[in-house]
Each structure stands twice: as C-alpha cells, then as structure tokens.
Amino acid sequence: RYRQTINISAAIMCQFCKPPQLEATKGCTECKSSFCNECFKLYHPWGTQKAQHEPTPPTLTFRPKGLMCPEHKEEVTHYCKTCQRLVCQLCRVRRTHTSHKITPVLSAYQALREKLTKSLTYILSSQDMVQTQIAELEETVKHTEV
C-alpha cells in the first residue's frame with residue numbers, strides 16, 4: 001500500500017539487471033552502485049576483494065562514509081594536535097582533551113597536507129644528489145677492491 005501511494009518511478013532499480021530491471025535491495029559505496037540480491041552476489045563473489053565490500057541500503061547518491069569515533073560512534077569533526085588524532089564532539093569536551101590544542105578537521109588536513117608536500121618536495125629535490133653520492137661510493141668501493 002505504501003509503495004502505491006508514492007511515485008513508483010522513485011523506486012531505485014538495479015543498475016546491472018537486464019530488462020526488465022528488478023528493484024535494488026542493496027547498495028555498495030565502494031562500487032557506487034545499487035544492486036538486486038542476485039546481481040550483488042554475482043558482482044561480489046566470495047573469495048574476492050569485492051566480497052569485503054559492506055552492503056548499504058540502495059541509493060542514487062553515494063557519499064563516502066564519514067570517519068567515526070571508535071569510542072562514541074559519532075562522526076569525527078576535530079583534530080587534536082596534542083594527541084595527533086581525530087576526535088568527535090564528545091571526545092573534545094571530555095577531560096582527556098580539555099587542555100589540548102584542537103582544530104577543525106579541514107584546517108588540520110590542509111596544514112598537514114602542506115607540511116607533507118614540503119617534505120616530499122625536499123626529498124625529491126635531494127634524490128639526485130643522493131643518487132650521485134651512491135654512485136661515487138660504489139665507484140670508490142670498486143677502486144678500493146682493485
């Protein structure tokens with residue numbers, strides 16, 4: 001009765017069935033697709049990497065699942081610089097992190113990304129010099145052995 005009262009075209013259909021398509025019963029965030037039971041089994045066979053995908057309710061818009069706090073089962077929204085870990089709203093106000101430096105996840109992400117980019121640039125710029133020194137040392141070893 002409920003389905004008859006809503007628009008039937010709003011039902012999410014399996015994206016892999018050959019016509020006539022069946023209604024989707026499962027979704028997969030990693031595959032970004034909705035499946036009927038049979039197609040889900042077919043595209044996620046046991047013993048393969050895809051078998052590890054966690055089924056979700058079918059949807060037309062697949063968003064990645066937010067990171068969850070293992071302690072409070074809430075989405076993490078802040079980064080504790082002191083502990084160097086992500087924290088949820090409850091972690092933030094609890095005694096553990098009250099005197100710590102806490103920033104929003106986005107600003108912490110941007111700062112850490114910038115720091116990593118600088119480090120990577122330095123490493124890549126030093127790579128040629130290190131390779132040259134290695135070649136010189138190998139040449140010295142050969143000369144010493146002779």
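**Lys 41 and Glu 38.** I started with this pair and found that their side chains form a salt bridge, at 4.0 Å from N to O. The model is predicted, and I read the distance as a computed value. I then looked up where the two residues sit: both belong to helix α2, which covers residues 37-43. Lys 41 and Glu 38 are 3 residues apart there, so about one helical turn separates them. An α-helix has 3.6 residues a turn, so residues three or four places apart point the same way. I also checked accessibility. Lys 41 has 55% relative accessibility and counts as exposed, because the cut-off is over 50%. Glu 38 is exposed too, with a relative accessible area of 53%.

**Lys 118 and Glu 114.** How many salt bridges does the structure hold? I noted 2. Lys 118 and Glu 114 meet in a salt bridge, with 3.8 Å between N and O. This pair lies in helix α4, where a spacing of 4 residues puts about one helical turn between Lys 118 and Glu 114. Lys 118 is exposed at 57% relative accessibility. Glu 114 comes out as partly exposed at 49%, because exposed requires over 50%.

**Helix α4.** I next checked the length of α4, which has 41 residues and runs over residues 105-145. At 1.5 Å a residue, I would expect a span of 60 Å. Where does α4 bend? I located a bend of about 35° at Gln 127.

Note on methods
Residues numbered from 1 in each chain as written. Predicted model: local features only at pLDDT ≥ 70, side-chain atom pairs only at ≥ 80, totals over all residues. Heavy atoms only, no water. Expected span 1.5 Å × (residues − 1). Bend = angle between axes of the 7 residues up to and from the residue. Buried < 20%, exposed > 50% of the residue type's maximum accessible area, 1.4 Å probe, protein only.
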